[in-house]
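A short briefing follows the display.

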Amino acid sequence: MKKTLIIANGRVATIFLQTIMDKYFSNDYYVVILKDMCFIPEKVPSSFEFHQFDYTSAFRMEQVMSDDIDNIFLVLEESNEIIATYELLRTLSKKTRIVLSLEQENLSKSMQNDSNLVVLSLEQIMANKFIERLPHIPLIPRSFGLGQGEIMQVAIPSGSIFAYRHIGSIEQSKWRIVGIYRRGELLLSTHHLVIQPSDSLLIAGNPKVLNDVYMRIKSDIGQFPAPFGRDIFLYVDMSLSNEHRIYNDIQDALFLHANLKNNKLFIHILNPSNFAFLEMIKASESKNVQIRVDYSNASFREKIAKDSQKRFGLVIINQDIFASSKNRKVLYDLSIPVLKTGWEHIEACKQSFVVLSENMGNTENVASVVFDVSKQLQTHIDVYDYDTDASYHNEIVQRYEELSRIFECQMHTIQTDEKNPILYLQDSFIPYLCFVPFERNISRTKFFSFFSTDVHKIASMNNKNPQIFIPLSQGKQKG
């Protein structure tokens, strides 16, 4: 019969032993070694065997150790005693699993190389417990599974974009909604189960993807640029753009700053040349609008790479900066929303525009941002569904219609097999704010866009309308 050896001393050991004897006495056979018999209760379960002696004594320990013991727990208080007992046990058994509590700096070299040793850090355990009780932090079970965040419990706030949606309407790639905790009951996931505010979702999947999902769940309706970040960054380059274009870019940035729920607007002036114009720009500075002039002659790529340690909510640039494929690539790699200004002023845009395509079913971030921004700017939404064979994207349209009800935004669907969206935008007199999924193709050399069949890649060449390029979720970028 396999046995578990427990070497115990101190207050933690007392609670540990009492809990086992109260709840888990029938789970295994336990051999317990103590220095002080006062830890032994009056009534001892038959599955427990107690010994009293100095556990650092090799002679005494040899009498207890046997091949039946396959787990050893050192529940001791003194680090020197833990290390000495561990070293003794390893002379008696090289491969038995040992569990102990010790801080990293106290680990010996032999401990660090021991694949059969499990080390618990009290400081890390306490830190995790404090973290779990912070508001807006997902609960991650650490005592089973990988303990790396592959399982989460996330509460649904009343304004979440997940509220009032069927589980089947939420795309789940590399993650799954396992169930819903509602009023003390676990409801296993079904396609038609509707998520309610105050529910807690039990989700499982790739830890990195789950963290992205958690941020989306917690992003309330009308909170953009959250969850990407809280600040807006405008970059203009005086060596590339004329004063008129730069002035319009600043006006667009100030309008968004006034109407979106961001904290601050940072205006970065690269390669300054006209200092009279620069002084006029600085007149826009305020507590929440900061203007920073870069006199180092740094390129846009160098500047944004340096700033990338900050958490961008939205980056605004004009077509002069966007025209460079190297600039587009660095923006794509940063995986942040990017607004490219256009000839139309954003303030004049009373309608939003998004084009559906075959891969739009894989771009759930796009729909959320479209409705979030449109709600804050109070624009109506035109969803353009173009297909030469009239094979329209009805499932995606239904998802957009569902979001329009959740966000309370007016939406109009245009389904056509005649006029592609690029020609439609060129011929339209409506000042549209366009939304485009930021796919990898867009970051590549622009010359080939003329020969591309990718609607979004061609759309990125549109300089008439302001465009928001939205990063896709992890693992969903189109090659």
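**Sheet, helices and cysteines**

Helix H3 (residues 79-92) lies across S1, S4, strand S5 (97-101) and S6. Helix H3 runs at about 175° to S5. This is a predicted model.

**The sheet**

- Six strands form an open sheet with parallel pairing. Their order is S3-S2-S1-S4-S5-S6.
- Strand S3 (48-52) and strand S6 (117-120) are the edge strands, and each pairs on one side only.
- From one strand to the next, the twist averages 15°.
- Strands of a sheet pair through backbone hydrogen bonds, either parallel or antiparallel.
- Six bridges join strand S1 (residues 3-8) to strand S4 (residues 69-75) in the parallel sense.
- Within S4, Val75 is the residue opposite Ala8.

**A helix on the sheet**

- Helix H1 (residues 11-23) packs on the sheet and touches S1, strand S2 (29-34), S3 and S4.
- The direction of helix H1 makes about 150° with that of S1.

**The cysteines**

- A disulfide is a covalent bond between the sulfur atoms of two cysteines.
- The structure holds zero disulfides.
- Cys409 is in no disulfide. Its nearest cysteine sulfur is that of Cys349, 16 Å away.
- Cys409 counts as buried because its relative accessibility is 10%, and the cut-off for buried is under 20%.
- A disulfide needs the sulfur atoms within 2.5 Å.
- Cys434 is buried too, with a relative accessible area of 3%.

Technical notes. Residues are numbered from 1 along each chain as its sequence is written. This is a predicted model: local features need pLDDT of at least 70, side-chain atom pairs count only at pLDDT 80 or more; totals for chains, interfaces and linings use all residues. Side-chain values use heavy atoms; hydrogens and water are left out. Two strands pair if DSSP finds at least two bridges between them. Helices (H or I, at least four residues) and strands (E, at least two) are DSSP runs, numbered from the N terminus. Axes are lines fitted to C-alpha atoms, for helices over the stretch in contact, and angles run from 0 to 180 degrees between N-to-C directions. Contact means heavy atoms within 4.5 Å. Buried means under 20% relative accessible area, exposed over 50%, partly exposed in between (1.4 Å probe, protein chains only).
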